[in-house]
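Here are a few notes to read alongside the model, written for someone meeting it for the first time. Please keep the structure open as you go through the points.

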Amino acid sequence: MATGLLKSGAMKPQDKPLWYDIYEAFPPRYEPHYDRSPVIKEIKQIFYPEDVIRGKFYRKYGSPGIISLSDTSPRSSLCQLFVAEYKHLQADSSLTEDRLMEEAALALEARGFYLGHSRHPPKVNHPEITTLEPEEGGSSLAGQGKISQVRLADVFKESQGGEKL
């Protein structure tokens, strides 16, 4: 239809559809027609070995949350690091799959990547009240001497013009 419009001059060459050149270069084997029945083919499932490893990783450690596909940094995701470590260990030894998962997790922990919440090192609790003392030989803050306790909530309240709690 578009060919006839172009030949007759009813359609200008700059107005032709985007798909026209591709359709002309690679025409379909059979002309598309509305009453033609679709070809039914069996779709093959494609699984790569690393897909199975990724599945086990996400099943055991969960999803890391939102991953930005527009991030152009060259760093790998935690799952990709795990897969690389797993494949490296798999090539070097003949461990079982469960043991390979454990060893890969331990290898990542040695590099500072903790996979499970129970495996994280204990966090240092930061108390709400912090004791500040002036350095020896140094001047105290505005001649006030030693400041014994500062509450963070008070500091933020004062910075916004409110009263102390």
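1. A word on the source. This is a predicted model, in which local features need pLDDT of at least 70 and side-chain atom pairs count only at pLDDT 80 or more, while totals for chains, interfaces and linings use all residues. Residues are numbered from 1 along each chain as its sequence is written, and side-chain values use heavy atoms, leaving out hydrogens and water.

2. Now the overall plan. The protein chain has 6 helices and 2 strands, where helices (H or I, at least four residues) and strands (E, at least two) are DSSP runs numbered from the N terminus. Their order from the N terminus is α-α-α-α-α-β-β-α. Of the 165 residues in the protein chain, 14% are buried. Among contacts with a separation of 6 or more, 34% join residues 24 or more positions apart.

3. After α5 comes glycine 112, with a positive phi near 100°.

4. Helix α4 (residues 78–92) has 15 residues and reaches 21 Å from its first C-alpha to its last, close to the 21 Å expected. Its buried residues are Cys79, Leu81, Phe82, Val83, Glu85, Tyr86 and Leu89. The elements covering them include α3 (49–61) and α5 (97–110).

5. Please also look at aspartate 51, which is found in helix α3. Aspartate 51 counts as partly exposed, at 29% relative accessibility.

6. The aromatic rings deserve a visit. Rings of Phe, Tyr and Trp (its six-membered ring) pair if their centres lie within 6.5 Å; planes under 30 degrees apart count as stacked, over 60 as edge-to-face and the rest as tilted. The count by this rule is 7 aromatic pairs. Tryptophan 19 and tyrosine 23 form an edge-to-face pair, 6.0 Å centre to centre with 80° between the planes. Tyrosine 23 is partly exposed, at 32% relative accessibility.

7. Why is the pair of phenylalanine 82 and tyrosine 86 called tilted? The ring centres are 6.3 Å apart and the planes are at 40°, so the pair is tilted. Being 4 residues apart in helix α4, phenylalanine 82 and tyrosine 86 are separated by about one helical turn. Phenylalanine 82 is buried at 0% relative accessibility, and tyrosine 86 is buried at 3%.

8. Finally, α3 and α4 each supply at least two residues of the lining of the largest pocket. Of the 21 lining residues, Ile67, Arg75, Ser76, Ser77 and Leu78 lie nearest the centre of this pocket.

How values were computed: Expected span 1.5 Å × (residues − 1). Buried < 20%, exposed > 50% of the residue type's maximum accessible area, 1.4 Å probe, protein only. Contact = heavy atoms within 4.5 Å. 1 Å grid on protein atoms, 1.4 Å probe; cavity = no way out; pocket = protein on both sides within 12 Å on 5 of 7 lines; lining within 4 Å.
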